[in-house]
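The sequence and the model are shown below.

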Amino acid sequence: TFGGVAVLDAAGKTAPRIVALKGVPRGLAISGDGKSLYVAQRGVGTIAVIDTAKASVTSEIPVGRWPEAVAVADKSKRLYVCNQDSHSVSVIDLSTGKGIKEIPVVREPSSAAVTPDEKHVVVTNFMPHGVGTDINLGAVVSIIDAGKLAVASTVKLPAGSTAVYGV
């Protein structure tokens with residue numbers, strides 16, 4: 001919802017509760033143990049950390065402009081945040097709640113997924129790189145090396161592909 005996250009009872013026995021946020025909620029990711037929900041807050045440039053048992057915000061982590069999507073790497077205790085307007089991915093150490101690095105990517109990252117071995121993060125870029133009138137224009141996917149915290153490769157998709165929304 002606008003300005004909050006609805007907490008639902010899976011059994012349907014209680015009414016939804018709304019957790020108020022400072023920004024517009026975008027991407028969500030839940031920790032492997034289910035105790036924390038991470039919410040990208042567009043407009044304030046933070047990640048809200050929600051305690052799922054208490055349905056309340058316990059902290060906010062600063063990231064880049066227009067955080068759009070989040071992905072959790074449970075074993076390495078990292079959170080990867082796509083910052084659409086910063087054209088970057090913020091890497092957060094979940095054990096400290098502090099940023100480790102901001103990794104530049106091609107243009108307007110919109111979604112991310114961590115590989116099962118947590119060695120790479122696959123990031124889709126909403127907009128392709130280049131001039132909009134170029135007939136060879138195509139969207140790109142950035143592959144981040146999670147050990148080096150750098151883009152390992154950029155995969156150009158076929159000409160005409162645009163607006164990649166998900167992984």
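## Salt bridges and strands

E60 is partly exposed, with a relative accessible area of 29%; here buried means under 20% relative accessible area, exposed over 50% and partly exposed in between, for a 1.4 Å probe and protein chains only. The model is a predicted one, in which local features need pLDDT of at least 70 and side-chain atom pairs count only at pLDDT 80 or more, while totals for chains, interfaces and linings use all residues. Residues are numbered from 1 along each chain as its sequence is written, and side-chain values use heavy atoms, with hydrogens and water left out.

The protein chain has 14 strands and zero helices; both are DSSP runs numbered from the N terminus, with at least four residues of H or I for a helix and at least two of E for a strand. Of the 167 residues in the protein chain, 44% are buried. The accessible surface of the protein chain is about 8700 Å², of which carbon and sulfur atoms supply 57%; areas come from the Shrake-Rupley method with a 1.4 Å probe, and for residues only the protein chains shown count as cover. Of the contacts (heavy atoms within 4.5 Å) between residues at least 6 apart in sequence, 32% join residues at least 24 apart.

The count of salt bridges is four, a salt bridge being a side-chain nitrogen of Lys or Arg within 4 Å of a carboxyl oxygen of Asp or Glu. Three of them, including the one made by E60, are listed here.

| Salt bridge | N to O distance |
|---|---|
| K22 and E60 | 3.5 Å |
| R26 and E68 | 2.8 Å |
| R42 and E68 | 2.7 Å |

K22 and E60 form a salt bridge through their side chains. K22 is in the loop between β2 (17-20) and β3 (24-30), and E60 is in strand β6 (residues 56-62), so this pair ties together parts 38 residues apart in sequence. K22 is exposed, at a relative accessible area of 65%.

The side chain of E68 meets that of R26 in a salt bridge. Because R26 is in strand β3 and E68 in strand β7, the pair ties together parts that are 42 residues apart in sequence. R26 is partly exposed at 37% relative accessibility, and E68 is buried at 13%.

R42 also forms a salt bridge with E68. This pair links distant parts of the chain, with R42 in strand β4 (residues 36-42) and E68 in strand β7, 26 residues apart. R42 is buried, with 18% relative accessibility. Through shared partners, salt bridges join R26, R42 and E68 into one network.

Strand β7 also belongs to an open sheet of four strands, ordered β7-β8-β9-β10 with antiparallel pairing; two strands pair if DSSP finds at least two bridges between them. The edges are β7 (67-73) and β10 (98-104), each with a single partner strand, so one side of each has no neighbour in the sheet. From one strand to the next, the twist averages 20°, where axes are lines fitted to C-alpha atoms and angles run from 0 to 180 degrees between N-to-C directions. Antiparallel strands β9 and β10 are joined by six bridges. Opposite S88 stands P104 in β10.

The loop between β8 (78-83) and β9 (88-93) contains S86. S86 is buried, at 19% relative accessibility. Apart from its neighbours within four places in sequence, S86 contacts G64, R65 and E102.
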